[in-house]
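This report is meant for a reader meeting the structure shown below for the first time. Please keep the sequence and the model in view while reading.

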Amino acid sequence: MDGIPRPDDFRAEARRWLKTVATARAAHHEWGRGDDSVAVFENWTEAEERAHTDRTRDWERTRYDHGWGALAWPAEYGGRALPPHYEQLYRSEEAAFDVPRRAEIFPVTQQLVAPAVRTWGTALQKRRWLRPMLRTDELACQLFSETEAGSDLAAVRTRAVREADGWILRGHKIWTSGARVATWGVAVCRTDPDAPKHAGITVFLVRMDAPGVTVRPIRQMTGGASFNEVYLDDVFVPDTDRLGPVGDGWRVTLTVLAAERLDSGGLGLDNADRALDLARRLPRRLTDGERQQAADLFVRALVQRLTGLRVTSASAAGRTPGAEASVGKLHATATMRATTDLVQQLLGPRLAADTGEWGTFAWTEHLLGAPGYRIAGGSDEIQRDILAERILGLPKAPRGDGR
């Protein structure tokens with residue numbers, strides 16, 4: 001592969017550069033000191049979210065400007081045209097340095113929305129959006145889910161009606177991460193209510209500060225708000241901000257969803273490692289049952305990592321991972337459940353009482369947040385349907401609603 005460095009050389013080059021712009025983390029986390037957060041979904045105020053976004057954006061711009069962002073993208077977009085798995089190689093090196101942790105809005109923008117613009121956008125849209133999104137000058141959230149549709153995204157009711165040189169959007173979206181800090185929202189809308197369900201859908205990029213856009217945080221059980229409702233009340237969107245053909249938005253949506261599932265295989269691994277550390281450092285001998293649970297979690301996390309390597313290998317071979325991505329998502333949610341089960345067994349009542357003891361009550365953030373990922377990014381049931389139909393060749397299950 002002409003011009004592509006060997007993986008070991010690439011990692012060494014990344015390490016050298018990181019040492020010039022960031023501080024190395026301690027070789028080992030000092031147990032019992034520092035931040036003990038294991039939150040699955042952030043528990044922050046709007047001011048905290050904006051401050052964290054600003055810090056992360058500064059770092060992402062530094063990466064991009066020095067040739068370490070958009071690694072798999074061609075030079076015209078500021079990239080280096082490296083194989084996709086080189087991004088994982090870079091991330092493994094970056095993990096050893098004290099840099100801002102990316103909140104969800106960043107992978108959504110760079111790994112979901114930007115590739116969809118590259119696939120479906122016009123030449124003008126690519127010039128207008130791709131570099132700013134890859135550099136994070138522009139951030140994008142997903143305006144997909146609706147209360148009535150659930151996991152059936154094709155059942156969206158948000159309407160877009162043609163008007164002169166644009167469209168009027170009316171509807172309500174929910175569970176939108178990053179809506180308070182995003183500059184754009186990718187909205188899935190119904191433009192032909194008489195068409196079959198998967199037809200008559202069109203996708204738009206909506207300015208989040210446009211008149212008629214209202215963002216309302218959703219309070220979580222833990223007290224914070226990392227999700228939002230977004231109301232679209234007669235929002236005008238110029239036709240130049242339509243992504244893909246009119247009525248063919250389902251294929252555009254699938255482009256984003258496919259990328260989302262590829263990015264979900266690493267979910268929960270940090271917390272699984274932290275739970276195993278807890279088991280090792282518990283000030284009493286583990287019961288036989290606890291030892292079995294810890295061993296099970298260790299194996300699950302290992303299998304999840306191996307599945308992630310399969311996804312990376314598929315990308316490196318030029319294939320779009322299919323089954324690997326769905327299997328990875330299912331493994332991730334199973335690992336998160338196993339993490340919860342082990343921690344509950346190890347801590348008992350200490351998990352439920354905020355005594356100020358490090359590494360105990362903090363686990364409630366994981367316990368309350370982890371079940372959400374059985375729905376987010378395509379529910380477990382949807383992933384099993386994908387495997388049954390596309391891998392095992394089983395017929396689609398009959399619907400009870402006649403559709």
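Which residues does Leu134 touch, not counting residues up to four places away in sequence? In this predicted model, Leu134 touches Tyr64, Ala70, Trp73, Tyr77, Gln110 and Ala114.

S1 pairs with S4 in the parallel sense, over four bridges. One of the residue pairs can be named: the bridge partner of Gln142 in S4 is Val186.

## Salt bridges across the chain

A search of the whole structure finds 27 salt bridges. One of them joins Glu87 to Arg63, with the closest N and O atoms 3.3 Å apart. Because Glu87 lies in helix H3 (residues 86–94) and Arg63 in helix H2 (residues 46–65), the pair ties together parts that are 24 residues apart in sequence. Arg63 has a relative accessibility of 2% and so counts as buried. Both partners also belong to a network of salt bridges that links Glu60, Arg63, Glu87, Arg91 and Glu94.

Another salt bridge is formed by Asp234 and Arg170, whose closest N and O atoms are 2.3 Å apart. Here Asp234 lies in strand S7 (residues 227–238) and Arg170 in strand S3 (residues 166–173), so that this pair ties together parts that are 64 residues apart in sequence. Asp234 is partly exposed, with a relative accessible area of 46%, and Arg170 is likewise partly exposed, with a relative accessible area of 44%. The side chains of Arg242 and Asp239 also meet in a salt bridge, at 2.8 Å from N to O.

## The surroundings of Thr339

Thr339 is found in helix H9, which runs over residues 323–347, and Thr339 is buried, with a relative accessible area of 0%. When residues up to four places away in sequence are not counted, Thr339 touches Asn271, Ala272, Ala275, Leu297, Trp363 and His366. The C-alpha atoms of Thr339 and Leu278 are separated by 11 Å, while the two residues are 61 residues apart along the chain.

## Helix H11

Helix H11 (residues 380–391) has twelve residues, and the distance from its first C-alpha to its last is 16 Å, close to the 16 Å expected at 1.5 Å a residue. Within H11, the residues Asp380, Gln383, Ile386, Leu387 and Ala388 are buried. Just after this helix, Gly393 takes a positive phi of about 75°.

Definitions and conventions: Residues numbered from 1 in each chain as written. Predicted model: local features only at pLDDT ≥ 70, side-chain atom pairs only at ≥ 80, totals over all residues. Heavy atoms only, no water. Salt bridge = Lys/Arg side-chain N within 4 Å of Asp/Glu carboxyl O. Helix = DSSP H or I, 4+ residues; strand = E, 2+ residues; numbered from the N terminus. Buried < 20%, exposed > 50% of the residue type's maximum accessible area, 1.4 Å probe, protein only. Contact = heavy atoms within 4.5 Å. Pairing = 2+ DSSP bridges. Expected span 1.5 Å × (residues − 1).
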